[in-house]
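Work through the exercises below with the sequence and the model side by side, trying each task before reading its solution.

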Amino acid sequence: MTQPTVAPAPAYDPRLTNEDLAPLRKQTWSSYNIFAFWMSDVHSVGGYVTAGSLFALGLASWQVLFALLAGIVIVNVFCNLVAKPSQVTGVPYPVINRAVFGVLGANIPAIVRGAIAIAWYGVQTYLASQSLIIIFLKFWPATAALNEPRFLGLSVLGYICYAILWVAQAAVFWRGMDAIRRFVDWAGPAVYVVMVVLAVYLVSQAGWENLSLDLSQGESLGFAESIPVMLGAIALVVSYFSGPMLNFGDFSRYGRSFEAVKRGNFLGLPINFLFFSLLTVITASATVPVFGELITDPIQTVQRIDTPFAILLGGLTFVIATVGINIVANFISPAFDFSNVSPQRISWRTGGMIAAVGSVLLTPWNWYGNPDAIHYTLGLLGALIGPLFGILIAGYYVCARQRVSVDELFTMDQGGRYWFDRGYNRNAIWATLLSGVPAIASVLVPKLVTAADLMWIADYSWFLGCGLGFVAMVALERRTPRIVPA
């Protein structure tokens, strides 16, 4: 499969375009490529732990499974919505936003999204480095001496492992989208194979008759009491995938057709996630008779097996899984975002390296272990993902009626369709504020006033922001129309 190429656009303003942002001439990704993309997103340590953590809510196994499937079906619907604008036009997320926010205003959602991705990129790289440390300590015990002294909160061994993964991810990214596609096509299925092997091994050790699929750890809940908890679990699943959902246009633009993208989404989300969820439940349930306790972290599970082959295979596999989701979710998107700010000065590769360097400067190993730091950084920024999603959907489907003039996305002509008011659509900016402030408040206020009975509101911050963003955008455009369908 050849690298997708871009159409020549001599009339496009250089302040708004480069070869990475211009609309694609050839869109070559198949349904399998999209399916593999979602395998890399789903088959991660974070995905495994998130699914396993739902048992601590006091839900029965069937309720956990229902919550996982309901959440992923919602994700599937939203991904199809955000996929179409970019697939039809062949442009990435920050460019399609020019039709909603204006040719200059589109930098607002791009910078917000880029900031979120930088933070999570550092966290995911740090988590993957912890798996690599386990391998070093097992096969080279002498490196334990390097795991003690700390500089700026991280040991020498920690820096070495972080650097190895940082360079490895940068090398894959630097080779371009075709290399990333090949990596993802291979990584997703490879992780599945190892997870199946892990599940089979644990079940054989435990004995099928000793497995209990009722893994509820919390206080058992009645049916009526379990409904709000199940709704919260569904919201948790949607929130977990909110980043990849917003970013998905960066990948759907490569799809051969919208039908191919939808087919890939169906296989990669509901179908794939169902099998992944069942595998997670079986593996976690087998840890109880084998190790005497429920373990929902696959890295800890591999450590407890404590054989060199298992640690090497499991550790490297989960490193690959984390690298896969990190590249597709947190590397590619800020690359487009920062390139969009200054296309002639910042190429796609340069934008990605800005994100990679920024992730190191944030020293994620220091603040990741501090719940308050995570809450006041990622929580604040993450609360804006919902509004940005809702505004894009409202702008494209309702206001523009799914009609966009691609060429006018790349012109600074003051008479251009997307020039609006000096390059900014005030309606979109106001909609961001009107929906973003309540979404942020839903996360911060319950914590600031220490109101435990209101903490549940934070679980729905994405839905609150998305809904308010959609309604505000539609209302403002109806009052003072600025987006005119092409």
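**Exercise 1.** Which residues does phenylalanine 248 touch, not counting residues up to four places away in sequence?

*Solution.* The model is a predicted one, in which local features need pLDDT of at least 70 and side-chain atom pairs count only at pLDDT 80 or more, while totals for chains, interfaces and linings use all residues. Residues are numbered from 1 along each chain as its sequence is written, and side-chain values use heavy atoms, with hydrogens and water left out. Taking contact as heavy atoms within 4.5 Å, phenylalanine 248 touches Ile34, Phe37, Trp38, Cys79, Val82, Ala83, Val261 and Asn265.

**Exercise 2.** Find where asparagine 76 lies, and decide whether asparagine 76 is buried or exposed.

*Solution.* Asparagine 76 belongs to helix α3, residues 61–89 (helices are DSSP runs of H or I, at least four residues, numbered from the N terminus). Buried means under 20% relative accessible area and exposed over 50%, with partly exposed in between, for a 1.4 Å probe and protein chains only; asparagine 76, at 10%, therefore counts as buried. Beyond its neighbours within four places in sequence, asparagine 76 is in contact with Asn265, Phe266, Leu269 and Pro270.

**Exercise 3.** Determine how many disulfides the whole structure holds.

*Solution.* A disulfide is counted when two cysteine sulfur atoms lie within 2.5 Å, and a search of the whole structure finds 0. Cysteine 161 is buried, its relative accessible area being 0%, and cysteine 466 is buried at 10%.

Notes:
Helix = DSSP H or I, 4+ residues; strand = E, 2+ residues; numbered from the N terminus.
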